[in-house]
Amino acid sequence: MPSPTSDVQADAAIIRRVAEGDARACRQLVDELLPAIVGFSYRMLGDGGAAEDVAQEAFLRLWCQAPKWRAAARVTTWLYRVAHNLCIDRIRARRDVPVADVPEVADPADGPLIHRHRREVSELVDAAIAGLPERQRVAITLVHYQELGNLGAAAVMEISVEALESLLARGRRALRNTLSKQRRDLLGDLK
């Protein structure tokens with residue numbers, strides 16, 4: 001397993017190539033990181049178009065930052081932090097964040113009732129996550145949906161690991177309370 005230092009150094013090398021105008025390096029970063037940044041932004045905003053705009057702006061800022069890049073953090077950490085800040089700006093600008101439907105591709109082996117049930121469960125969980133306080137929502141999203149470790153998520157949020165763990169515990173507890181009240185809806189015909 002590569003060490004965190006070697007990861008930071010590898011990131012610095014690819015950012016140097018980006019700063020030099022290497023199109024392959026740019027394409028590599030976009031291919032590797034764009035889906036995660038869009039997914040994170042979507043979870044924060046509930047709007048696919050806005051999530052794509054945030055990801056585009058985050059990468060634009062990375063390209064502008066490339067010539068001045070300091071190898072102090074992972075590129076992923078930096079991009080998540082920028083995307084987080086851009087999402088917060090958008091949330092504050094609109095204040096009312098509607099919970100958007102999460103598109104889900106149907107499994108061809110599943111019947112329409114199972115597909116509908118999964119969509120309904122997904123909507124209930126998304127609504128419960130959207131109802132969390134902002135910092136708990138960010139922590140849950142980074143750890144459970146973006147699959148960052150506690151260290152990476154804490155770095156993105158610029159908080160200690162202990163503070164992140166506290167946010168996760170409170171967020172999970174709130175989700176458990178909210179979703180337990182909807183147990184019948186979550187189980188549907190499966191109970």
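Reply: In this predicted model, the side chains of arginine 61 and glutamate 57 meet in a salt bridge, with 2.8 Å from N to O. Both residues belong to helix H3, where they stand four residues apart, about one turn of the helix. Arginine 61 has a relative accessible area of 39% and is therefore partly exposed. Glutamate 57, at 28% relative accessibility, also counts as partly exposed.

Helix H3, which spans residues 48–65, also holds phenylalanine 59 and tryptophan 63, again four residues apart, about one turn of the helix. Phenylalanine 59 counts as buried, at 5% relative accessibility, whereas tryptophan 63 counts as partly exposed, at 28%.

Side chains of opposite charge can pair when their charged atoms come close.

Another salt bridge joins the side chains of arginine 43 and aspartate 126, at 2.5 Å from N to O. This pair links distant parts of the chain, for arginine 43 lies in helix H2 and aspartate 126 in helix H5 (residues 112–130), 83 residues apart. Arginine 43 has a relative accessible area of 22%, which makes this residue partly exposed. Aspartate 126 has a relative accessibility of 9% and so counts as buried; the limit for that class is under 20%.

A further salt bridge is formed by glutamate 158 and arginine 81, whose closest N and O atoms are 3.5 Å apart. Here too distant parts of the chain are linked: glutamate 158 is in the loop between helix H7 (150–157) and H8, while arginine 81 is in helix H4, and 77 residues separate them.

Two aromatic pairs are found in the whole structure. One of them is formed by phenylalanine 40 and tyrosine 80, an edge-to-face pair with 5.5 Å centre to centre and 80° between the planes. Because phenylalanine 40 lies in helix H2 (residues 23–45) and tyrosine 80 in helix H4 (residues 75–94), the pair ties together parts that are 40 residues apart in sequence. Phenylalanine 40 is buried, with a relative accessible area of 0%, and tyrosine 80 is buried as well, with 5%.

Technical notes: Residues are numbered from 1 along each chain as its sequence is written. This is a predicted model: local features need pLDDT of at least 70, side-chain atom pairs count only at pLDDT 80 or more; totals for chains, interfaces and linings use all residues. Side-chain values use heavy atoms; hydrogens and water are left out. Rings of Phe, Tyr and Trp (its six-membered ring) pair if their centres lie within 6.5 Å; planes under 30 degrees apart count as stacked, over 60 as edge-to-face and the rest as tilted. Helices (H or I, at least four residues) and strands (E, at least two) are DSSP runs, numbered from the N terminus. Buried means under 20% relative accessible area, exposed over 50%, partly exposed in between (1.4 Å probe, protein chains only). A salt bridge is a side-chain nitrogen of Lys or Arg within 4 Å of a carboxyl oxygen of Asp or Glu.
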